Amino acid sequence: MVSGGAGCYRGRPMRSPPALLTILAFLAYVSLGLPDAVPGVAWPFIRETFKLPISSLGTLLVTSMGGYLVASFYSGRLVNRIGVGGVLAGSGALIVAGMTGYALAPNWPVMVGFAVFAGLGAGAIDASLNLYAANHFRPRLMVWLHGCWGVGAVIGPLVMTAMVTSRYGWRGGYAVLAVMIAALSIAFLFTLRQWDDDPEPVEGAPPPPAAVSFSTALTDVRVWLNVLLYFFYTGLEISVGAWITSLMREARHVPEAQAGTATAFYFASITAGRFVIGSIANRVPSELIVRAATWLAPLVILLIWLPKSYSINVVALMLLGFLISPLFPLWMSLTPVRLGPAVTAHAVGLQMAAASLGMSLIPGALGYIARWQGLEAIPIAFLALALIVLTIHEFARRMTVR
């Protein structure tokens with residue numbers, strides 16, 4: 001393993017990506033986090049503007065998620081046709097169109113329509129960035145890249161809060177986000193060809209295999225194992241954040257402020273873990289990190305399920321967030337190794353689509369479990385999800401291409 005220049009990483013030749021592209025990739029992931037956490041701040045004011053019931057937020061989120069899924073699913077084909085640079089520039093423009101549409105929408109149906117643009121842009125930029133990073137970034141940069149999403153998720157609500165408390169309102173908040181993301185899209189446009197420039201081959205390296213067709217990728221059982229891995233993992237990660245406050249408030253009678261703080265600690269530990277673990281990810285084998293995390297996670301979840309102590313539960317939540325924080329980026333980084341470079345472009349898109357579905361469907365399914373069996377069944381569901389992730393991961397690891 002080397003820190004720069006030409007070298008061999010995980011058995012495949014790799015050169016360090018240009019510093020400018022690395023910085024742009026980090027900024028792009030910050031931009032992905034910017035709008036994701038904003039609806040929670042803006043929604044009360046949007047409701048008041050359009051005179052909507054509280055449940056209408058679901059319509060906006062589902063519409064955006066639909067666009068995200070479509071873009072992620074087909075991102076491999078887009079990258080093979082127009083390159084990573086073209087997808088990044090185009091997807092940035094779609095997000096800007098979505099944010100601008102939000103800011104200017106004269107009525108609710110128009111705003112929902114623009115959610116399609118926002119979702120398409122987010123799905124395409126997320127999948128193409130992960131594909132680029134999987135092929136060019138060593139583990140440290142990959143984990144830090146995903147940590148940048150958390151930075152954006154903090155900045156976005158602060159920007160919207162500043163706007164809704166000023167005379168510009170929620171429309172001004174979305175306008176500011178549109179301007180910020182537009183600046184990034186222009187940078188993508190000026191670096192268009194650099195994202196797809198193949199470096200000079202490392203001496204002695206075999207030529208890369210030709211990319212397989214999308215239909216061929218769909219017949220690869222290894223691809224589907226990784227798709228399932230992302231589906232259940234993101235379902236677990238988001239479900240913990242979505243349900244832990246309800247569990248503590250309604251089942252364990254923890255005061256509201258303390259219950260909400262526990263959720264904040266969980267998400268903060270995920271962001272912090274990505275930067276801390278990322279700092280050692282080049283020196284510790286990725287397989288060792290992800291295996292340790294997948295084996296330890298069920299044990300930590302037992303400390304959320306069995307003790308009814310707030311202090312123990314919060315410590316366990318923070319430990320769980322820290323442990324699982326590198327899983328998503330490191331699995332993405334391992335995709336070319338586990339599946340082979342010929343199928344990576346399609347696999348990354350499918351994995352991102354599966355992740356989006358998992359974070360949408362599984363938390364909702366846990367809601368039905370809680371209604372049927374009570375909220376104390378939720379941590380048992382967390383444990384079941386962690387064991388499913390562990391099992392799928394072990395099968396996927398053993399079927400790695402050698």
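Q: Is Glu-237 buried or exposed in this structure?
A: In this predicted model, Glu-237 is buried, with a relative accessible area of 12%.

Q: How many residues does α9 have, and what covers its buried ones?
A: Helix α9 runs over residues 256–278, which makes 23 residues, and reaches 33 Å from its first C-alpha to its last. Its buried residues include Ala-259, Tyr-266, Ile-270 and Arg-274, and what covers the buried residues of α9 includes α5, α8, α10, α11 and α12.

Q: How many salt bridges does the whole structure have?
A: A search of the whole structure finds 6. One of the salt bridges joins Arg-291 and Glu-394, with the closest N and O atoms 2.8 Å apart. This pair links distant parts of the chain, since Arg-291 is in helix α10 and Glu-394 in helix α14, 103 residues apart. Salt bridges that share partners join Arg-291, Glu-394 and Arg-397 into one network.

Q: Changing topic, which residues have the most contacts inside the largest nonpolar core?
A: They are Met-111, Tyr-174 and Trp-195, in a core of 123 residues. Met-111 touches Tyr-174 itself, and among its other contacts are Ile-46, Phe-50 and Trp-170.

Conventions:
Residues are numbered from 1 along each chain as its sequence is written. This is a predicted model: local features need pLDDT of at least 70, side-chain atom pairs count only at pLDDT 80 or more; totals for chains, interfaces and linings use all residues. Side-chain values use heavy atoms; hydrogens and water are left out. A nonpolar core is a set of buried Ala, Val, Leu, Ile, Met, Phe, Trp, Tyr and Cys residues joined through side-chain atoms within 4.5 Å. Buried means under 20% relative accessible area, exposed over 50%, partly exposed in between (1.4 Å probe, protein chains only). Contact means heavy atoms within 4.5 Å. Helices (H or I, at least four residues) and strands (E, at least two) are DSSP runs, numbered from the N terminus. The expected span of a helix is 1.5 Å times one less than its number of residues. A salt bridge is a side-chain nitrogen of Lys or Arg within 4 Å of a carboxyl oxygen of Asp or Glu. Lists of a residue's contacts leave out its neighbours within four places in sequence.
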